[in-house]
Protein chains: 2
Amino acid sequence: MTTKQLVDQIWKKKSFLCVGLDVDLNKVPKHILETEDPIFEFNKKIIDATHHLAVAYKPNIAFYEAYGLKGWKSLEKTIQYLNTNHPEVFTIADAKRGDIGNTSSMYAKAFFEDLEFDSVTVAPYMGKDSIEPFLAFEDKHTIMLALTSNQGAFDFQTKMVDGTELYKQVLDTSKDWKNADNLMYVVGATKAEYLADIRSIIPDSFLLVPGVGAQGGNLQDVCKYGINDQIGLLINSSRGIIYASDGLDFDMVAGEKAKELQLQMAEILDAKK
Amino acid sequence: MTTKQLVDQIWKKKSFLCVGLDVDLNKVPKHILETEDPIFEFNKKIIDATHHLAVAYKPNIAFYEAYGLKGWKSLEKTIQYLNTNHPEVFTIADAKRGDIGNTSSMYAKAFFEDLEFDSVTVAPYMGKDSIEPFLAFEDKHTIMLALTSNQGAFDFQTKMVDGTELYKQVLDTSKDWKNADNLMYVVGATKAEYLADIRSIIPDSFLLVPGVGAQGGNLQDVCKYGINDQIGLLINSSRGIIYASDGLDFDMVAGEKAKELQLQMAEILDAKK
C-alpha cells in the first residue's frame with residue numbers, strides 16, 4: 001500500500017484508528033473458546049464489527065507465537081481474512097524485529113512476502129544495516145521504535161547522547177537511510193508532550209501511536225502536537241476495544257468503543273479541513 | 001539449565017562452541033531439498049556430526065519464520081530433537097525480542113515454555129520492564145544485545161551517553177534488574193578489543209560471541225580479553241561450519257570445521273587449568 005492510499009482511506013472513513021489484535025485466550029469470551037480456532041474466530045468478529053471505523057489492524061506477533069504452530073496458523077488466517085475482505089486497510093505486523101543484514105532480510109520476507117503485511121515494526125538498537133533490508137521493499141512500510149509508551153522508555157531512549165536524547169538521535173539519523181520514505185515511527189501516547197519536538201525532526205512521517213486508553217494516553221493531546229498536513233497519525237487501541245466486554249456481545253461492544261474513538265477523530269479531521 | 005551445568009559441560013567437552021543453525025534453503029546441499037522437511041533434515045545431520053564438539057546450538061528464528069508455518073514446524077522438530085537426544089546442550093532461540101511487559105511475557109512463554117529453549121536473545125531499547133518478564137523464568141537465561149558484530153553497532157551502541165558509551169550503559173544499568181543472575185550478553189567477536197572494558201563492568205556474566213569466522217572475528221583475541229574464571233564465553237559460528245561444504249558430505253565437513261575450533265578451545269582451556 002502507498003502512503004497516499006492510506007491517507008485517502010483516513011479521509012474516507014474519517015478515522016485514523018488502528019485496532020490492536022493482541023489475542024490472549026485468558027481474556028476472550030468463554031463461548032469463543034469452544035470454536036475450532038478461537039484466536040481467528042475472535043479476530044474475525046472484531047474485524048467484522050470495526051472495519052468501517054478503523055483504517056489499520058495490528059496483530060502483536062508475540063500473542064500468536066505464544067501458541068506455537070496453532071498461533072502461527074491463526075495469524076495466517078487473520079491476515080488472509082483482512083487482505084481478502086478488507087484490502088483497503090493498512091496491516092501492521094507488530095514484531096519489533098531487527099538483526100544483522102542478511103537476517104533482517106529473512107524477517108522482511110516473512111512479514112512482507114509470506115504473510116503479505118503492509119508494514120512491520122522494528123527496533124533500532126542494531127543500526128542502519130539492520131533496518132535497510134526492510135526498507136528495500138517497495139510500497140511496504142517499516143515502523144521503527146522511537147519513544148515507546150512504557151516506563152522502560154526512560155532507561156535508554158531519553159538518555160542524553162551528544163547533547164540530545166537517544167530517541168531524537170534515532171529519528172534524526174534514520175532520515176538519511178536508504179528509502180527512508182518508507183519509514184514510520186512508534187511514539188507512545190503516554191508521552192504526548194514530546195510530540196512537538198518529534199515533529200520538528202520528522203515533520204512528514206507517519207507515527208504509530210500506542211498507549212491511548214488502557215495505558216493512559218490522551219487522543220486530543222496526541223493530535224494537538226502530532227498531527228500534520230496528511231494527518232500522519234495512526235492511533236492504536238487494543239485492550240480498550242477488543243476486551244471492552246467478555247460477553248456474547250463482545251463484538252458489538254468493541255464496535256461501540258471503536259465508534260467513540262472514530263467520532264472524536266472525525267471531529268478532529270473536520271476541524272482540519 | 002543452570003549456569004553450573006553449562007560450565008560443567010564446557011569442561012567435559014573441552015569446548016565452548018555454539019553452532020548457529022541459520023538454515024537458508026538457497027545454501028543447503030541439493031540432495032537435502034529432496035527430503036520431506038529439508039530444514040529439519042539439514043539440522044539433524046549437522047547436530048549428529050557436531051554434538052560432541054559443541055555445547056550450544058542457536059537457531060536464528062528469522063530463518064524459520066521466513067518459511068511460514070512449515071518453518072515453524074521445522075523449528076519445533078529441531079528443538080525437540082535437541083532436547084530429546086542431547087539434553088546436555090544449551091539451546092538459544094536467537095530471536096532478539098523485546099516489547100512492553102505483558103507482551104514480553106508472551107514471547108518468554110513462546111520460547112521458554114512452548115518450545116522449551118534454555119535461553120532467548122533480547123534487544124534492550126525498550127528498557128527494564130521489557131526484559132524483566134524474561135528474567136522471571138527459573139533456570140532460563142536471557143541474552144541481551146550489548147555490542148553487536150555488524151557495522152550498524154556504531155550508529156547508536158557506541159555513542160556517548162552521559163560520558164560513557166550506550167552499550168556500557170546497557171551493561172551497567174541491567175546489573176540492577178530483578179533476577180539479573182539470569183542475564184547473559186551478546187558481544188560481537190569483531191569488536192574483541194572492547195572486551196577488556198566490558199569485563200570490568202560484568203566480570204562474571206556469560207557472553208554470547210557471534211562473528212568468529214565468516215564475519216572476521218578472531219577466537220584468540222576474544223579469549224584473551226573475554227575469558228573469565230568460569231570461562232564465560234559461548235563462541236558462535238554459523239556459516240563457517242554449516243555451509244563449509246554443499247556436497248553429499250556436508251555434515252562430515254561441518255564436523256571437521258567444528259573440530260578445528262574445538263581443538264583451539266581445548267588448548268585455551270588446558271592453559272587455564
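Predicted model: local features only at pLDDT ≥ 70, side-chain atom pairs only at ≥ 80, totals over all residues.
Residues are numbered from 1 along each chain as its sequence is written, chains are lettered from A and ligands numbered from 1 in the order in which they are written, and side-chain values use heavy atoms, with hydrogens and water left out.

**The barrels**

In chain A, 8 strands close into a barrel with parallel pairing, in the order β1-β2-β3-β4-β5-β8-β9-β10. Neighbouring strands of this sheet are turned by 30 degrees against each other on average, direction ignored. Strands pair here if DSSP finds at least two bridges between them; strands (E, at least two residues) and helices (H or I, at least four) are DSSP runs numbered from the N terminus. Strands of a sheet pair through backbone hydrogen bonds, either parallel or antiparallel.

Chain B also has 8 strands that close into a barrel, in the order β1-β2-β3-β4-β5-β8-β9-β10, with parallel pairing. The twist averages 30 degrees from one strand to the next. Two strand pairs, one from each chain, are set out below.

| Strand pair | Bridges | Partners |
|---|---|---|
| β2 (residues 56–59) and β3 (residues 90–97), chain B | 2 bridges | B:A56 and B:F90 |

**Helices across the strands**

Helix α5 (residues 68–85) of chain A lies across β1 (17–21), β2 (56–59) and β3 (90–97), running at about 150 degrees to β3(A). Contact means heavy atoms within 4.5 Å; axes are lines fitted to C-alpha atoms, for helices over the stretch in contact, and angles run from 0 to 180 degrees between N-to-C directions. In chain B, α5(B) lies across β1, β2 and β3 at about 150 degrees to β3(B). Helix α11 (residues 219–226) of chain B lies across β9 (207–209) and β10 (233–237), at about 160 degrees to β10(B).

**The interface**

Between the chains, 56 residues of chain A are in contact with 55 residues of chain B. The buried area is about 5000 Å², of which carbon and sulfur atoms give 62%; this is the accessible area (1.4 Å probe) that two parts lose on being put together, summed over both. A:L69, A:Y125 and A:F156 supply 19% of the area that chain A buries against chain B, more than any other three residues.

B:Y67, in the loop between α4 (62–65) and α5 (68–85) of chain B, touches residues of both chains, including A:M106, A:D114 and B:I39, when residues up to four places away in sequence are not counted.

**Salt bridges**

A salt bridge is a side-chain nitrogen of Lys or Arg within 4 Å of a carboxyl oxygen of Asp or Glu. The rule finds 28 salt bridges over all chains and 4 across the interface of chain A and chain B. The side chains of B:R97 and A:E65 meet in a salt bridge (2.9 Å, N to O). Within chain A, the side chains of A:K58 and A:D94 meet in another (2.8 Å, N to O). A:K58 lies in strand β2 and A:D94 in strand β3 of chain A, so this pair ties together parts that are 36 residues apart in sequence.
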